[in-house]
Amino acid sequence: MAPHNLAVLHALDTARTQWYHLTAIVIAGMGFFTDAYDLFCIATVSKLLGRLYYFDPAKKAPGKLPVPVNNLVIGFALVGTLAGQLFFGLLGDKFGRKRVYGITLIIMVICAICSGLSFGSTAKSVMGTLCFFRFWLGFGIGGDYPLSATIMSEYANKKTRGAFIAAVFAMQGVGIIFAGLVSMILSGVFLHFYDTPSFQGDPVYSTQPEADYLWRIVLMLGALPAMLTYYWRMKMPETGRYTALIEGNAKQAAADMGRVLDIEIQADQDRLGQFKANNDYKLFSSEFNRRHGKHLIGTMTTWFLLDIAFYSQNLAQKDIFPNMNLTDKPAQVNAIREMFQISKAMFVVALLGTFPGYWFTVFFIEKIGRYYIQLIGFFMMSVFMFIIGINYADLRKPANNKTFAILYALTFFFANFGPNSTTFVLPAELFPTRVRSTCHAMSAAAGKAGALVAAFGVQSYTLSARTTRIKHAMMFLAFTNMLGFCCTFLLTETKGRSLEEISGEDEGVYQGEMEMSEAQAEGRSAVM
């Protein structure tokens, strides 16, 4: 055993991959499945909401959510997510990861159901209550980011830690797929029973009254996976690193992790004092800034820049699809058929472009490393978005639809086989145990600030679906990705190293023990 590490930490770092590791991935990953479903299913129903609540016969066009309302419906969940990340990230370091882990699921379940029950007889009241519940839904979702990442990083061994954390995050891709799939299936069922003429054929009856039930069911189903996961989350023990290094109870940590890993672990209670003395500094102190300041700036800036592009891609799909001829023009279809076509297109793009990227990261992150995957991803996203931006007018022509679809799917692929995965992994590894959850929360909150730029800024350009505006948006996103590429140089590779080695928590511990041993030896010599 490495002489400068606690037995329980060494056991965690060198443990073979077991069934419990896979169980932890599923338990933590189901939270991200729920997160992604709840955040992205709104894109499948927002056009439907516009037809239901904002139809104006005088305009002779299908109803559409006003830009401020559209931004608020999407943005409130993102603001809630940002707030939840910071709140639960701090609590995770103060009270322990497990103690607050179940609370996030309870909030998600209640608010997903309440989002579907948004009440009122006017557009203002329905949208107002929807925004209110989606804020608190986002608040619960936000807590899952730092807690799931921290728990998985502290459970995993050092050889497969990156793959395990990436696998948890990859469940976001599954959630995005299911957001499109569930919306497509339900809208298909409703369309079978309540098909009507297109808007051109009948402007009034093209919006089916039954559609008001459809969007509510889609939103409420987001509560189901969270409900199924709650029991198993409550059965998970506190992480051994938090119990030993923060609570100072090496005996309990050894017992908990020994039971989980099915091995016997030495307590090493007498060695904890050296670890604590070596890490007795506060967040944002001069010592923290010396050790971790550059890395925190790096994780925050890269996640901020990534989420501007990533959320712009996902939220703008419904506006870009008609230009790719993946969906019909709004006037050519009825309300539910429009939702069906948008959901189907989202499902196909997610399945072929988004989903593979996540799992490429899982399989290659321990071979290529986090650092290089992030650099490659940012660079390739920038290249493909630049190509789309420069050639947007030509790409939207029917003859170039396949080329457009391939280029657009590749931006999703390299987002996920790239910074969308690695910006989640790196903050869970770079920082010491006592502030790991908080620093991950700050990095994730910076990302959600970028998502707000996408929702309130970039999306304003794409909502009109005008060629020049979407072209400008794509060029802007190519630029932000290149900035992300540059900011990645603030980070370092973490592959194959223990969390204590990466964060410097064991820095000086071995030296301190050697000095203590020498002092004891000198004392014995003096007595003799």
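Mentor: One term to start: buried means under 20% relative accessible area, exposed over 50%, partly exposed in between (1.4 Å probe, protein chains only).
Trainee: Then is Phe87 buried, exposed or partly exposed?
Mentor: Phe87 is partly exposed, at 41% relative accessibility. Phe139 is buried, at 12%.
Mentor: This is a predicted model: local features need pLDDT of at least 70, side-chain atom pairs count only at pLDDT 80 or more, and totals for chains, interfaces and linings use all residues. Residues are numbered from 1 along each chain as its sequence is written, and side-chain values use heavy atoms, leaving out hydrogens and water.
Trainee: What average pLDDT does the protein have?
Mentor: 87, where pLDDT is the predictor's confidence in each residue, from 0 to 100. 91% of the residues score at least 70.
Trainee: New topic. How many aromatic pairs are there?
Mentor: A search of the whole structure finds 39. Rings of Phe, Tyr and Trp (its six-membered ring) pair if their centres lie within 6.5 Å; planes under 30 degrees apart are stacked, over 60 edge-to-face, the rest tilted.
Trainee: Which kind do Phe32 and Tyr145 form?
Mentor: Edge-to-face, with 5.0 Å between centres and 65° between the planes. Phe32 is buried at 0% relative accessible area, and Tyr145 is buried at 1%.
Trainee: And what about Phe87 and Phe139?
Mentor: Their pair is tilted, at 5.5 Å and 35°.
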